[in-house]
Amino acid sequence: MDILALQQQVAIYRDENAYKRLFLHFYKGLIRFADTYVRQHEVAEEIVSDVMLKIWTMQEALTGIRNLKVYLFKAVRNGAINHLLRNRHYTTWDIDQLAPEAFVSAGTPEDETIHRELKHRFAEAVSQLPPKCQMVYKLIRENSFTYREVAAILDISENTVDRHLSIAMQRLGAVLQTYRHTSR
């Protein structure tokens, strides 16, 4: 999908089909991202809808955005933070989707039990990461952002992104190592 071409069609020609394609392309990822901040799916949907509506109303100013994906995630982050500041619910974090499937292949009932246990432990370990580490981990591992994009979204340097991810990987690696020793 050529995001830039769609972006220009929306900005210059007010093409509703191009807007719909952009909306559908980014919507689910933005919802998951907003959900990690606000932990309320309906609120996440509202924040994302507001951001997507904003890009429609930007008209030709939309052509000035160099990386729409980063812009959208940053706008959703800002919207989520504003919501949290207004409602003072910013002490909880939710990690509901992680993929430890790569570590264990389910097949037998015993494998499935091990798989569920590992998935639970891994999700728990991610939820115990410091908030910035957690956010960096999710953006890079789940949403496939680059270090540069994450740095732009979170307003931190690429070195800080690297440091947060290193901390996250060390802690998650320790959990997996502990699991391997206890499951023998």
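Me: How do α2 and helix α6 cross, and how far apart are their axes?

Reply: In this predicted model, the axes of α2 and helix α6 (residues 131-142) come within 12 Å and cross at roughly 170 degrees. Axes here are lines fitted to C-alpha atoms, for helices over the stretch in contact, and angles run from 0 to 180 degrees between N-to-C directions. Helices (H or I, at least four residues) and strands (E, at least two) are DSSP runs, numbered from the N terminus.

Me: What do you call α2 and α6 at that angle, and why?

Reply: They are roughly antiparallel to each other, because angles over 145 degrees count as roughly antiparallel, while those under 35 count as roughly parallel, 65 to 115 as roughly perpendicular and the rest as oblique. The contact (heavy atoms within 4.5 Å) is made by F33, T36 and Y37 of α2 and M135, K138 and L139 of α6.

Me: Before we go on, where do the numbers come from, and what do they leave out?

Reply: Residues are numbered from 1 along each chain as its sequence is written, and side-chain values use heavy atoms, with hydrogens and water left out. Since the model is predicted, local features need pLDDT of at least 70 and side-chain atom pairs count only at pLDDT 80 or more, whereas totals for chains, interfaces and linings use all residues.

Me: OK, and what about α2 and α4, how do they cross?

Reply: Their axes come within 10 Å and cross at roughly 35 degrees, and α2 passes α4 in a right-handed crossing. A crossing is right-handed if the near helix is turned clockwise from the far one by less than a right angle, and left-handed if anticlockwise. Among the residues in contact are L22, F26 and F33 of α2 and L68, L72 and V76 of α4.

Me: At what angle do α3 and α4 pack?

Reply: Helix α3 (residues 41-57) and helix α4 (residues 68-87) pack at an angle of about 130 degrees, with their axes 9 Å apart, and that makes α3 oblique to α4. This crossing of α3 and α4 is right-handed, and the residues making the contact include I47, V51 and I55 of α3 and Y71, L72 and A75 of α4.

Me: Stepping back, how many helices and strands are there in the protein chain?

Reply: The protein chain has 8 helices and 0 strands. Of its 184 residues, 39% count as buried, where buried means under 20% relative accessible area, exposed means over 50%, and partly exposed lies in between (1.4 Å probe, protein chains only). Among contacts between residues at least 6 apart in sequence, 63% join residues at least 24 apart.

Me: Is Q7 buried or exposed?

Reply: Q7, which has its place in helix α1 (residues 3-13), is buried, with a relative accessible area of 2%. Leaving aside its neighbours within four places in sequence, Q7 is in contact with L22, L62, T63, I65 and L68.

Me: And H164, buried or exposed?

Reply: H164 is buried, with a relative accessible area of 17%, and it is found in helix α8 (residues 158-182). Apart from neighbours within four places in sequence, H164 is in contact with K132, C133, V136 and I156.

Me: Switching topic, how many aromatic pairs are there?

Reply: Rings of Phe, Tyr and Trp (its six-membered ring) pair if their centres lie within 6.5 Å, and planes under 30 degrees apart count as stacked, over 60 as edge-to-face and the rest as tilted. By this rule the count comes to 6 aromatic pairs. In one of them, the rings of F23 and Y27 have their centres 4.9 Å apart and their planes at 20 degrees, so the pair is stacked.

Me: Where do F23 and Y27 lie?

Reply: Both lie in helix α2 (residues 16-38), 4 residues apart, about one turn of the helix. Y19, F23, Y27 and W56 form one aromatic cluster, and F23 counts as partly exposed at 22% relative accessibility.

Me: What lies over the face of W56?

Reply: R14 lies there, at 4.0 Å from the ring centre, and K69 lies over the face of F145, at 4.5 Å from the ring centre. A charge sits over a ring if NZ of Lys or CZ of Arg is within 6 Å of the ring centre and within 35 degrees of the ring normal.
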